[in-house]
Amino acid sequence: MAIEDDDKPRVKISHEIGQDLSLLSVEELGHRIALLKEEIGRLDAAMTMKRATREAADRFFKA
């Protein structure tokens, strides 16, 4: 009985900055790009929240 792709356990893809990419397939590179784009969005959201908190504190202490 053959194991279908959907039945294989999924391994969380991680990426290390600067790692050798020559052994990765086009599909794996696409997954890495999606992962990194998601992480960039998460970082942007955190930065926006921190800026808003800092601006609110600046307004409070200037008043």
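A polar contact, as I use the term today, is a pair of N or O atoms within 3.5 Å; within protein, one must be able to donate a hydrogen and the other to accept it. Keep that in mind for R32. Its side chain reaches the backbone oxygen of S14 at 3.4 Å.

Now the overall picture. This is a predicted model. The protein has 63 residues, and 3% of them count as buried. The secondary structure comes to one helix and zero strands. That helix, α1, covers residues 26–62. The accessible surface is about 6400 Å². Carbon and sulfur atoms account for 59% of that surface.

Back to R32. Where is it found? R32 sits in helix α1. R32 is buried, yet it has no salt bridge. Which side chain of opposite charge is nearest? That is E28, and it is 5.9 Å away. A salt bridge needs a side-chain nitrogen of Lys or Arg within 4 Å of a carboxyl oxygen of Asp or Glu, so the cut-off here is 4 Å. What R32 does have is the reach to S14, to its backbone oxygen.

Next, L24. This residue lies in the segment before α1. Is L24 buried or exposed? L24 has a relative accessible area of 18%, so it counts as buried. The cut-off for buried is under 20%. Now look past its neighbours within four places in sequence. L24 is then in contact with L29 and R32. So R32 comes up again, because L24 is in contact with it.

On to charges. How many salt bridges does the structure hold? One. E39 forms it with R42. The closest N and O atoms are 2.8 Å apart. Both residues lie in helix α1. They are three residues apart, about one turn of the helix. How covered are the two partners? E39 is partly exposed, at 32% relative accessible area. R42 is exposed, at 54%.

Last, the aromatics. The count comes to one aromatic pair. F60 and F61 form it, and the pair is edge-to-face. The ring centres are 5.1 Å apart, with 85° between the planes.

To recap. R32 is buried without a salt bridge, and its side chain reaches S14. E39 and R42 form a salt bridge. F60 and F61 form an edge-to-face pair. Thank you.

Notes:
Residues numbered from 1 in each chain as written. Predicted model: local features only at pLDDT ≥ 70, side-chain atom pairs only at ≥ 80, totals over all residues. Heavy atoms only, no water. Helix = DSSP H or I, 4+ residues; strand = E, 2+ residues; numbered from the N terminus. Buried < 20%, exposed > 50% of the residue type's maximum accessible area, 1.4 Å probe, protein only. Lys, Arg positive; Asp, Glu negative; His and termini not counted. Areas by Shrake-Rupley, 256 points an atom, 1.4 Å probe, with all protein chains shown as cover. Phe/Tyr/Trp six-rings, centres within 6.5 Å; stacked < 30°, edge-to-face > 60°. Contact = heavy atoms within 4.5 Å.
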